[in-house]
4 protein chains.
Amino acid sequence: MTALKHIGVLAHPLRPESAPVAATIAAALQKRNVSCWVETVWDEHNVRERVRHSEIVIAIGGDGAMLRASRVCAPFSVPVLGVNMGQLGFLAELRLDDWQANLDAVLEREYWIERRMMIHTSVVEEGRVVVSGDALNDAVISGGITRMIQLHTFIDGDWATTYNADALIIATPTGSTAYALACGGPILPPELHNILIVPVAPHLSMDRPLVLSQGATVEVQPVPHPRAEIGVSLDGVMLCHLREGQNVRVRASDHASRFVRLRGRNYFYRSLLDRLEPRTPRPKPEQRKLKR
Amino acid sequence: MTALKHIGVLAHPLRPESAPVAATIAAALQKRNVSCWVETVWDEHNVRERVRHSEIVIAIGGDGAMLRASRVCAPFSVPVLGVNMGQLGFLAELRLDDWQANLDAVLEREYWIERRMMIHTSVVEEGRVVVSGDALNDAVISGGITRMIQLHTFIDGDWATTYNADALIIATPTGSTAYALACGGPILPPELHNILIVPVAPHLSMDRPLVLSQGATVEVQPVPHPRAEIGVSLDGVMLCHLREGQNVRVRASDHASRFVRLRGRNYFYRSLLDRLEPRTPRPKPEQRKLKR
Amino acid sequence: MTALKHIGVLAHPLRPESAPVAATIAAALQKRNVSCWVETVWDEHNVRERVRHSEIVIAIGGDGAMLRASRVCAPFSVPVLGVNMGQLGFLAELRLDDWQANLDAVLEREYWIERRMMIHTSVVEEGRVVVSGDALNDAVISGGITRMIQLHTFIDGDWATTYNADALIIATPTGSTAYALACGGPILPPELHNILIVPVAPHLSMDRPLVLSQGATVEVQPVPHPRAEIGVSLDGVMLCHLREGQNVRVRASDHASRFVRLRGRNYFYRSLLDRLEPRTPRPKPEQRKLKR
Amino acid sequence: MTALKHIGVLAHPLRPESAPVAATIAAALQKRNVSCWVETVWDEHNVRERVRHSEIVIAIGGDGAMLRASRVCAPFSVPVLGVNMGQLGFLAELRLDDWQANLDAVLEREYWIERRMMIHTSVVEEGRVVVSGDALNDAVISGGITRMIQLHTFIDGDWATTYNADALIIATPTGSTAYALACGGPILPPELHNILIVPVAPHLSMDRPLVLSQGATVEVQPVPHPRAEIGVSLDGVMLCHLREGQNVRVRASDHASRFVRLRGRNYFYRSLLDRLEPRTPRPKPEQRKLKR
């Protein structure tokens, strides 16, 4: 395969400190005769055409930047290469201090592409979709400040259980290391295609994380309550408030996120556990591989 | 397909009250001109040949009986039909009070077969397998009474983390509703092929349930300790005590358990949640299906 | 002691169905020549004088009604007798179907008074108290929908830890069976005088429930964040939104709630565990007392 | 008060590397004309008389050494000063690298004494005590390897609940930071006098930590099971195996442990949270005190 020739660079629109990094990366690409574009303050709508015609997109920032870039790149199957400026980052592949050393390898396509499932969330009313969107981490249905909500929950059309909780997290495997993890959820392998459901602060109702069968659709029907205000958010961004009679339906999206990976295919658990469990003593390097 | 003609009946060898049930079922089969055999006090070794030549095996008892029957039937791909005498039962399909009403449907093959992943556990020493076995629920590596153990844990040969815990549960999706559930594990869909790892009473070490990639091998290396006594059990039955220098290796088994199912393919969540969460109020029947 | 002669009756101001119950109770009191007053739609301000001159107050509704009645009765040391209309009720002593049978015993003072600690919460800015209030269950500091907040937390003036969480619950022992319980908190005995701190959905930060020393003051200082909206609520009722530079200070209140109890002093664990754990089989009555 | 003149030094009987430390400390004491004794390989019985006539005892090792020293010192109200050789230490006050700098302050009694509640555990059979002992951390009633046990649990003689679990931990506030913490228990302030109950791996039974009223007695009655083997241990040391018909009774001990403290009375939360939550970023020193 020939080297990469068309690359986009996306700074984080709400973090101005990412703009100069984007400019430096773009300059490095141009020096290598790669055609590139840079967007600093952007929204999904206005970068779509540029993304569509790129081979990969380099996104700068933390996990939030990766989530934004993923949503715009996924419909066009364009892979994202993350350069991490944030503290915690499960999605980005490079950091501010190593992107330069790895840039040539990227241009020579010395990487593999990791695909990750997304979920598609629709707010439905009398069978009609009111609003919808994709998410790489999770859809969250939550009450306002200090208000418990009651949610009838159906799997493939059949009632499964009714949650009394602050919120309900419906997550992808990628999202299993995000908000769901803070609520007792398990860590799922990134290539899984199953939806994870975790309640936040469940009160005398189902309190175990639930992984659904591949292909399942989950539908959530809030129990009407005069003072309840219920919001739906995708990857931490508010989608809408629910009105009475509106349900939330979540299933696997037709799109997948693609990430550029330079590390070995086994990178996930090592990288994750280093961040989650700093109290665990590191064994010496020679003890980190099993002898066969 | 023709009706079933060769059926085995296995009582629970340690629960004598299951023997008369087995006899009654056998009589009902014979009345219908089905050739059958009955075993009441049996072990894996002495029923193997009979199992091999049966079309299905009816197992009587609780989940323990299903686990025993599965282990002997799986290598011959013989499906198990469970008749539940116990209180809790996630595996059996019929109960003492409904097997008769359903027997003809079974004989006419009006069922589907549910396959469930098993795990294969080997105790290895200097590359050599000392002892091994299959399990449908879980392999548990545990210290004796009140003794914390330390377990270096490798995924596909690479060090992942080191647990300080009472025990480590390495479970199948079927096992996710058994012991692992008592330790904060998630509920996994029965058809998944991924291994679940959950520590029991983790102390300042990794405390989140971990689901592995399909096909992964996990290997556990106990940190030697003069007073530690470490046992390995499969589905609650002791396999062996570990000696210093012995590791425990777990991967998906080449065999799968097969269960005879008369209920719809959607049965799992409904049946599970009814048992786990009796505090949740049942909606009226007309509210248990989503209108489409 | 002479029989009760002055009793107030408080319906739940937001639950109109409690008004006729209040009227019936008042009629029963008047028939017995007890002087009484009834309030149906009331607020703390306008019933204060009537409460002050009552010997006990009968409050009708669920736990919410008890919390409201407690806040208005506590400053005057007036005990509350709860008549439960709700499903879950840890505070009320009687139910709709047994208050009549017990009314004469109450009037003859055949009860004991249970005192329960309250907490006093102040929002402070540059050393000045902006707003404050008492709570019987908890003070909750929480972010808006799907927004994690960061909270520096000080115990008696010294930094203890910094939470990354959806919310922080600062609860009394009474509150340990309310919201805190849904977030993994322990059950504390009602007569304890210690504050309990439990984070909601803690993310890579302190995740254990913390019980403070008696007399301790906890002060919470939100880390400023441009998009964070932080609210403070007492017993589920919003007190205020926090502005930058405002801290939340919580300590034991000078007031205690008083509840009229007819059951034995040992009632708490039995009553609680019946509600929390319906899956546990009840032993036969003769097995519920230890032989000495 | 005059300076200390009679001090005992206890090495850890099972950790020979603590013996030279004990010798060095004793030499330092003798140089300062303090009368002292040293025991390296000792048991409770043979040091009792020496302990009884000491003003304080210096114990060397980790938390295990503190627990041993406490049990022998508590009946004589002799305070323990811990010198920590282990990694984790919630009880010791000094470390290998700072005891020398603090020794003169200790001799001049520039310390305060922290008292900590102990529990007294009796195994009873037909009203008769079979064996008993004190513990500073916890009494644990546990099944053998992979065996769930069923435990009827009575508080002050009344049935409270029945646990299905691997084990039941009955802990002091000191023990709340030990084994109980690994099972989801709360952190209790060291001066509390209440017993904490936490089940290990509870299965469809009460799963919340329970703090009892001060003065309560808890009695545990195992449900007989042919294959169950049940052990009772105190502070991690086996007390006995239970025979059928034997119950375990736990209440506050008449003795308390006393620890020599040089740090401020506020030391507990700071010290604890540093060890439990290394992921939390430390604020700058000037931000660790609230301005008043």
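1. In chain B, helix α2(B) passes helix α3(B) in a right-handed crossing; a crossing has this hand if the near helix is turned clockwise from the far one by less than a right angle, and is left-handed if anticlockwise. Helices here are DSSP runs of H or I with at least four residues, strands are runs of E with at least two, and both are numbered from the N terminus.

2. A word on provenance: this is a predicted model, in which local features need pLDDT of at least 70, side-chain atom pairs count only at pLDDT 80 or more, and totals for chains, interfaces and linings use all residues. Residues are numbered from 1 along each chain as its sequence is written, while chains are lettered from A and ligands numbered from 1 in the order in which they are written.

3. Back to the helix pair: α2 (residues 44-52) and α3 (residues 63-73) of chain B pack at an angle of about 60°, their axes 9 Å apart. Axes are lines fitted to C-alpha atoms, for helices over the stretch in contact, and angles run from 0 to 180 degrees between N-to-C directions. The two helices are therefore oblique to each other (under 35 degrees is roughly parallel, over 145 roughly antiparallel, 65 to 115 roughly perpendicular, and the rest oblique).

4. Which residues make the contact? From α2(B) come B:Glu44, B:Val47, B:Arg48 and B:Val51, and from α3(B) B:Arg71, B:Val72 and B:Cys73; contact means C-beta atoms, placed from the backbone, within 7 Å. By class there are four nonpolar, no polar and three charged residues, where Ala, Val, Leu, Ile, Met, Phe, Trp, Tyr, Cys and Pro count as nonpolar, Asp, Glu, Lys and Arg as charged, and the others, Gly among them, as polar.

5. Now to chains C and D. A rotation of 180° with 0.0 Å of shift along its axis superposes chain D on chain C, with an RMSD of 0.1 Å (least squares on the C-alpha atoms of residues with pLDDT of at least 70 in both). The two copies are thus related as by a two-fold rotation axis. In chain D, the C-alpha nearest that axis belongs to D:Pro186, 3.2 Å away. Both copies use the same surface, as 98% of the contact residues of chain D recur in chain C.

6. That contact takes 44 residues from chain D and 43 residues from chain C. On the chain D side, β9 (149-155), β10 (158-165), β13 (210-211) and α6 (267-276) each give two or more residues, and β10(D) has the largest share, five residues. This side divides into 21 nonpolar, twelve polar and eleven charged residues.

Key. Two residues are in contact if their C-beta atoms, placed from the backbone, lie within 7 Å.
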